[in-house]
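Open the sequence and the model side by side, and let's walk through them.

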Amino acid sequence: MAMVGAIIVLVIGLLSAIAAGVIYLWLSHKPGGSGGDNDGSGPENVKEIKMQTNEYRIKYSELQFGSLLGKGNQGEVYRTKLRSTDVAVKKIDCRKVEPDY
């Protein structure tokens, strides 16, 4: 069970690092670093960020689901292969999760 927890922590850490990198890239490319008419958030900047982060996109078809590792109130966690790496993936049951408005 400790292995499952370690895998989940690893996946969460990886996703957090990716999110931090995307935010850093977005902020570092904004001219002046603040709002205004020319704040660098136009379509050109969005396209550039998408190109820079394209390697982090995961297609559902790249996931090879294995055995069920655990089940909780909001979903199930599966042992999964992603690009030849073992990861844990949580499938969230959207019927049980309240929307965040």
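From the N terminus on, the order of elements is α-α-β-β-β, which makes 2 helices and 3 strands in the chain. Helices here are DSSP runs of H or I with at least four residues, strands are runs of E with at least two, and both are numbered from the N terminus. This is a predicted model, so local features need pLDDT of at least 70 and side-chain atom pairs count only at pLDDT 80 or more, while totals for chains, interfaces and linings use all residues. Residues are numbered from 1 along each chain as its sequence is written, and side-chain values use heavy atoms, with hydrogens and water left out.

Strand 2 (residues 75-82) and strand 3 (residues 85-92) run antiparallel, joined by 8 bridges; strands pair if DSSP finds at least two bridges between them.

| Residue | Phi | Relative accessible area |
|---|---|---|
| Arg83 | near 50° | 41% |
| Ser84 | near 65° | 69% |

Arg83 therefore counts as partly exposed, whereas Ser84 is exposed. The cut-offs are under 20% relative accessible area for buried, over 50% for exposed and partly exposed in between, with a 1.4 Å probe and protein chains only.

**The largest pocket**

The largest pocket has a volume of about 590 Å³. Val11, Leu15, Ile58, Val87 and Ala88 are the closest to its centre, out of 20 lining residues. A pocket is an open set of points on a 1 Å grid over the protein atoms alone, where a 1.4 Å probe fits, with protein on both sides within 12 Å along at least five of seven lines; lining residues have an atom within 4 Å of a point. The volume is the space filled by probe spheres set on the points, which are joined across faces, edges and corners.

Helix 1 (2-28), strand 2 and strand 3 each supply at least two lining residues, and helix 1 gives the most, with 7. By class, the lining has 15 nonpolar, 1 polar and 4 charged residues. Ala, Val, Leu, Ile, Met, Phe, Trp, Tyr, Cys and Pro count as nonpolar, Asp, Glu, Lys and Arg as charged, and the others, Gly among them, as polar.

**The whole chain**

Of the chain's 101 residues, 20% count as buried.
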